[in-house]
Amino acid sequence: MLVVGSVAYDTVDTPSGKNDHQLGGSATYFSMASSYLTDVAVVAVVGQDFDLADRAMLSDRGIDTSGLEQVAGKTFRWSGSYREDLNSAVTLETQLNVFADFAPELSEVHRESPFLFLANIDPNLQASVLAQMTRRPKLVACDTMNLWIDISRPALVSLIERVDVLLINEAEALQLTGRDGVASAAQSVLEGGLRAVVIKRGEYGAVVFHRDFTFAVPAYPLTTVVDPTGAGDSFAGGFLGYLASVDDTGADAIRRAAVVGSVMASFTVESYGLDRLRSLSASDIDARFDAFVELTRFHPLGGGQGLPVRPQFNN
Ligand code: AMP
């Protein structure tokens, strides 16, 4: 699988406290989460200040960093606060730095990737990566955020017309479509011809609005959320990582993928930055997946029965 997106140094302010200069970025969280399930290659750019240990941390776990260019200048920086609302970040500062002039040239191998994730970054950059694919991947998904809806709407709208799945958080879905609820926003996006829209709702989970069905998954009910940064990208990494690993984009796979997305996001928010997400074992992931099965398990009524609604309402 191939991902293009940001690799960043973040400063976050959460109710648990402030953390400066933590490795982040949409492509970083995505690749970290998906690396548990499939081979993933990153296309991004960093500056001269990028720590060799951070590159090693990604490549040591099998993430292909051959498309992670290092150029003169400073690495992308983002600073955000969750003091007001743990479910949505307030951006305090965005410094594109080396991303301002980034024009990636994909390798022959990367152009053939069967799954492509256009993680949150300038939609023109997302479009340039999509245009370089030799064959149409089996699945192309993208994410975005309020900044790009504000400053790059035409490019973003034209990109969304060319992808299969849009993953987007609730506030941004409403901003993009001008609708006032998630179902209505999803309907508006699906009218553009996509296969599915996944609306991420922070602690309220996520809803997959697919052309053929709707599926909702909760967020794991954690008692403490330390840092929500990267939850959306980790969700996407679990979601697409699962689909790529089973090489299936059918309805059952998409439902399960949404649960795997929620599993990965739940680990990310337990600590600052990548601390928890990067240190999982297969049994951690399986146990959390099983907890989701339990969380959402209920028996349908057997034997063609309906609910015990009182007889006067039969008609
Ligand atoms: P999320 O999964 O939505 O919490 O994404 C968090 C990550 O998005 C952070 O690590 C930031 O570095 C990154 N980010 C914030 N703003 C932007 C932007 N305008 N373009 C690309 N990445 C961004």
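## Overview of the predicted model

The chain exposes about 14,200 Å², of which carbon and sulfur atoms supply 50%. The model is a predicted one. The chain has 11 helices and 13 strands, and buried residues account for 52% of its 315 residues.

**The chain as a whole**

- The radius of gyration of the chain is 20 Å, which agrees with the value near 20 Å that a compact globule of 315 residues would have.
- Taken along the principal axes, the box filled by the C-alpha atoms of the chain is roughly 75 × 40 × 35 Å.
- Of the contacts between residues at least 6 apart in sequence, 63% join residues at least 24 apart.

**The ligand and its surroundings**

- There are 19 residues around the ligand, and those that come nearest are Ser 6, Asp 10, Gly 25, Gly 230 and Asp 233.
- The side chain of Ser 6 has an N or O atom 2.8 Å from a nitrogen atom of the ligand.
- Gly 230 places a backbone N or O atom 2.7 Å from an oxygen atom of the ligand, and Asp 233 has a polar side-chain atom 2.6 Å from an oxygen atom of the ligand.
- The ligand taken alone exposes 510 Å², and the protein buries 89% of that area.
- Two or more residues of the shell come from each of strand 2 (8-14), strand 6 (76-81), helix 5 (146-151) and helix 9 (231-246).
- Helix 9 gives the largest share of the shell, three residues.
- By class, the shell consists of 10 nonpolar, seven polar and two charged residues.

**Thr 38**

- Thr 38 lies in the loop between helix 1 (26-34) and strand 4 (41-46).
- Thr 38 counts as buried because its relative accessibility is 18%, and the cut-off for buried is under 20%.
- Apart from neighbours within four places in sequence, Thr 38 is in contact with Met 1, Gly 241, Ala 244 and Ser 245.

**Lys 74**

- Lys 74 is located in the loop between strand 5 (64-70) and strand 6.
- With a relative accessibility of 42%, Lys 74 counts as partly exposed.
- Leaving aside neighbours within four places in sequence, the contacts of Lys 74 are Gly 47, Asp 49, Gln 95, Asn 97 and Val 98.
- Lys 74 and Val 207 are 133 residues apart along the chain, and their C-alpha atoms are separated by 37 Å.

Key:
Residues numbered from 1 in each chain as written. Predicted model: local features only at pLDDT ≥ 70, side-chain atom pairs only at ≥ 80, totals over all residues. Heavy atoms only, no water. Near = heavy atom within 4 Å. Polar contact = N/O pair within 3.5 Å; in protein donor to acceptor, adjacent residues only side chain to side chain. Areas by Shrake-Rupley, 256 points an atom, 1.4 Å probe, with all protein chains shown as cover. Helix = DSSP H or I, 4+ residues; strand = E, 2+ residues; numbered from the N terminus. Nonpolar A, V, L, I, M, F, W, Y, C, P; charged D, E, K, R; others polar. Buried < 20%, exposed > 50% of the residue type's maximum accessible area, 1.4 Å probe, protein only. Contact = heavy atoms within 4.5 Å. Rg over C-alpha atoms; globule rule 2.2 N^0.38 Å.
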